[in-house]
Amino acid sequence: MKAPDLIRLGDNIVLARFETMKVYAALGAVRALLRAGRVVPGQTLVDSSSGIYALALAMACHRYGLRCHIVASTTVDAVMRAQLEVLGATVDQMPPSSSLRLDQERRVRHVRQLLAERPDFHWMRQYHDPVHYAGYGEFAGLVSEALPDAELTVVGAVGTGASTGGLVQALRGSGRSVRLVGIQPFGSVTFGSERFSDPEAIIAGIGSSIPFENVRHELYDTLHWVDFRHAMAGAVGLLRDHAVFAGLSTGAAHLVASWEAALDPGRQHLVIGADTGHRYAERVFARHAEALDRSSLRPRRITDLDELRPPWSVMEWAGRAHQESGATPAEEVS
């Protein structure tokens, strides 16, 4: 359940395809919190989530005898909610909303209300607590065994920052030189695309309307900004060409990795596939006839965020710090 399938997509592209990637983050965090005495068995852990972190946290709590309470995004569907409840989690779900920012703000307010009423609850703060980096060292060990000698580029959605950041930090910590290519949607504050909107975007987990302290901007070498239709082209292409049914962020990573790999055929490119495609069945895969031809798509190269434009831009980020991205300072929110 935790370890991904490693699927070769080309001579220099390997997909790490997860059922739920955040199992590494949740298990690593819960173990570290228990070891440090920050939580104790029987205690309730609470967090907000748009989906896969909720499931991973419910699994971790189930395993270690903790209670789990999820403040679920409007994007959490009946299938996901049923899995959470079977695993013993209790769920408060936000009402339907066309605005992911409003949905995120509602979840924050609700978590704060819960904490005021139940001070014994522990807020996991997946977006801000660095304890969520801990579990990805184990994934880095798996990558090192599978791809031991190759020059490596990791390609994945930024999201909370813990998955790509935790993996690459662990790989670099072993003395290996690794490039990190991050992916963002338009409309996210994380890497300065908040002035744009992408009404069809449902890539809730890869961008944000609020700054995340767990995003370590200095770890990223290159940034791609991809709109919904380009991510859709990647996801449909992955299913059509390789029979891999994966989520929209994986589709975006597949598109980007194909372009990056063609530029540098001597490096291996590891694509992070965070989840399956089930959550996107209706809004992406049922519309497969509308998908763009992936082979015809190219990004716009930019050197400054002022040049950023939809539908697909790429920029050498070169390990710049957070303050240089134009984002506002992080808030104590989740």
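By class, how many nonpolar, polar and charged residues does the lining of the largest cavity have? The lining has three nonpolar, three polar and one charged residues. The legends below describe a predicted model, in which local features need pLDDT of at least 70 and side-chain atom pairs count only at pLDDT 80 or more, while totals for chains, interfaces and linings use all residues. Residues are numbered from 1 along each chain as its sequence is written, and side-chain values use heavy atoms, with hydrogens and water left out.

**View 1. The largest cavity and its lining.** The volume of this cavity is about 30 Å³. (On a 1 Å grid over the protein atoms alone, a cavity is a set of points where a 1.4 Å probe fits but cannot get out; lining residues have an atom within 4 Å of a point.) K22, A25, Y53, Q126, H132, T160 and A162 form the lining.

**View 2. The aromatic pair of Y24 and F139.** The ring centres lie 5.6 Å apart with the planes at 25°, so the pair is stacked. (Rings of Phe, Tyr and Trp, the last by its six-membered ring, pair if their centres lie within 6.5 Å; planes under 30 degrees apart count as stacked, over 60 as edge-to-face and the rest as tilted.) Because Y24 belongs to helix α1 (residues 23-36) and F139 to helix α5 (residues 136-146), the pair ties together parts that are 115 residues apart in sequence. (Helices, H or I of at least four residues, and strands, E of at least two, are DSSP runs numbered from the N terminus.) Y24 counts as buried at 3% relative accessibility, as does F139 at 1%. (Buried means under 20% relative accessible area, with a 1.4 Å probe and protein chains only.)

**View 3. The aromatic pair of W259 and W312.** This pair is edge-to-face, at 6.4 Å centre to centre and 70° between the planes. W259 lies in helix α8 (residues 248-263) and W312 in strand β12 (residues 312-316), so parts that are 53 residues apart in sequence are tied together. Both W259 and W312 are buried.

**View 4. Arginine charges over aromatic rings.** The charged end of R216 sits over the ring of Y133, 3.7 Å from its centre. R320 lies over the face of W317, at 4.5 Å from the ring centre. (A charge sits over a ring if NZ of Lys or CZ of Arg is within 6 Å of the ring centre and within 35 degrees of the ring normal.)

Notes:
Buried < 20%, exposed > 50% of the residue type's maximum accessible area, 1.4 Å probe, protein only. 1 Å grid on protein atoms, 1.4 Å probe; cavity = no way out; pocket = protein on both sides within 12 Å on 5 of 7 lines; lining within 4 Å. Points joined across faces, edges and corners; volume = space filled by probe spheres on them. Nonpolar A, V, L, I, M, F, W, Y, C, P; charged D, E, K, R; others polar.
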